[in-house]
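Please open the structure in a viewer and keep the selection tool at hand. The stops below proceed from the whole chain to individual side chains.

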Amino acid sequence: MKRPVFKQYNQGFDCLFPIRPGEKIPADSPAQPVGQIVDNLDISRVIDTCKGG
């Protein structure tokens, strides 16, 4: 079975805009750790159920 292919997602990389969106979120905001939590999620069971291609 082929493995699913995902586009790379990297919040830390510079884009067209002069600032990164995370820089506008206050350090004490509960939204700050969301990216880290998502990056560390184990989605292997979800990927195993996807049809590759």
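Begin with the entire protein chain of this predicted model: of its 53 residues, 6% are buried. Displayed as a surface, the chain exposes about 5300 Å², and carbon and sulfur atoms supply 59% of that area.

Next, select Val34, Ile37, Val38, Leu41, Ile43 and Val46, which together make a nonpolar surface patch of about 530 Å². Which helix gives the most to this patch? Colouring residues 34–39 shows the answer: helix H1, with 3 residues.

Now centre the view on Val46, a member of the patch that is located in helix H2, residues 44–49. Is Val46 buried or exposed? Its relative accessible area is 51%, and exposed means over 50%, so Val46 counts as exposed.

Remain on helix H2 and select Asp48 together with Arg3. The two side chains form a salt bridge, with an N to O distance of 3.1 Å; the count for the model is 1 salt bridge. Arg3 belongs to the segment before H1 and Asp48 to helix H2, so this pair ties together parts that are 45 residues apart in sequence.

Finally, consider the accessibility of each partner. Arg3 counts as exposed, at 53% relative accessibility. Asp48 has a relative accessible area of 45% and is partly exposed, because this class lies between the limits of 20% and 50%.

How values were computed
Residues numbered from 1 in each chain as written. Predicted model: local features only at pLDDT ≥ 70, side-chain atom pairs only at ≥ 80, totals over all residues. Heavy atoms only, no water. Patch = residues over 30% accessible without salt bridge, like charges linked within 9 Å, V, L, I, M, F, W, Y side chains within 5 Å. Areas by Shrake-Rupley, 256 points an atom, 1.4 Å probe, with all protein chains shown as cover. Salt bridge = Lys/Arg side-chain N within 4 Å of Asp/Glu carboxyl O. Helix = DSSP H or I, 4+ residues; strand = E, 2+ residues; numbered from the N terminus. Buried < 20%, exposed > 50% of the residue type's maximum accessible area, 1.4 Å probe, protein only.
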